[in-house]
Amino acid sequence: MVFDVKGATGKVGYHVGYTAKFRQSGTGDQIPVKGGAILEIVVNAPSYNPSNLAQKTYAGKPGKTLPGVDVTGYKTFRDTKFGSSIEGQTQVGLGVRTKLPFRVQQSGDKLIVDVAHTR
């Protein structure tokens, strides 16, 4: 899964890890994510314009599938859900078929979450 962090000029902060339940930041509401395991991804980049909070830069809605992301046909990915974007951080739930190794790397303004297909 690739996050396009437009305007990133240096390292993009992030936190990625498995969670038993995906809970929306800010409210704590549980968001169901399909799959055998859930990767919670938090990227230190807002999905809104910090100068104009009403202007979204990504149309994600809490608890809904990520707009523009279709995981149909992927061997490992099962589901995506938008959590929130508050205080400069955007939260996403990625459902995978089982708990598998992953790595995160940055290439330019793209943050890449690479999930293995096997252990």
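Q: Which residues are linked with Asp 4 in a network of salt bridges?
A: This is a predicted model, in which local features need pLDDT of at least 70 and side-chain atom pairs count only at pLDDT 80 or more, while totals for chains, interfaces and linings use all residues. Residues are numbered from 1 along each chain as its sequence is written, and side-chain values use heavy atoms, with hydrogens and water left out. A salt bridge here is a side-chain nitrogen of Lys or Arg within 4 Å of a carboxyl oxygen of Asp or Glu. By that rule, the network joins Asp 4 to Lys 6, Asp 109 and Lys 110.

Q: How many salt bridges does the structure hold?
A: The network of Asp 4, Lys 6, Asp 109 and Lys 110 is linked by such contacts, and Asp 79 also forms one with Lys 81. Another joins Asp 114 to Arg 103. For the structure, the count of salt bridges is five.

Q: Are Asp 79 and its salt-bridge partner Lys 81 buried or exposed?
A: The closest N and O atoms of this pair are 3.3 Å apart.

Q: Which strands does the salt bridge between Asp 114 and Arg 103 link?
A: The closest N and O atoms of Asp 114 and Arg 103 are 3.0 Å apart. Asp 114 is partly exposed at 31% relative accessible area, and Arg 103 is partly exposed at 48%. Strands are DSSP runs of E with at least two residues, numbered from the N terminus. The two residues lie 11 apart in the chain, Arg 103 in strand 8 (residues 102-107) and Asp 114 in strand 9 (residues 110-115).

Q: Why is one side of strand 1 and of strand 8 left without a neighbour in the sheet?
A: Two strands pair if DSSP finds at least two bridges between them. The open sheet of three strands runs in the order 1-9-8 with antiparallel pairing, and strands 8 and 9 pair over six bridges. Strands 1 and 8 stand at the edges, so each has a single partner strand.

Q: Which residue stands opposite Ser 84?
A: Let's turn to the other sheet, which is open, has four strands in the order 2-3-7-6 and pairs them antiparallel. Its edge strands are strand 2 (14-19) and strand 6 (77-86), each pairing on one side only. Strand 6 and strand 7 (residues 89-96) pair over eight bridges. Ser 84 faces a residue in strand 7, namely Gln 91.

Q: Which strand supplies the largest share of the lining of the largest pocket?
A: On a 1 Å grid over the protein atoms alone, a pocket is an open set of points where a 1.4 Å probe fits, with protein on both sides within 12 Å along at least five of seven lines, and lining residues have an atom within 4 Å of a point. The largest pocket is lined by 25 residues, with Phe 3, Asp 4, Val 5, Ser 47 and Tyr 58 nearest its centre. The largest share, three residues, comes from strand 1.

Terms used. Buried means under 20% relative accessible area, exposed over 50%, partly exposed in between (1.4 Å probe, protein chains only).
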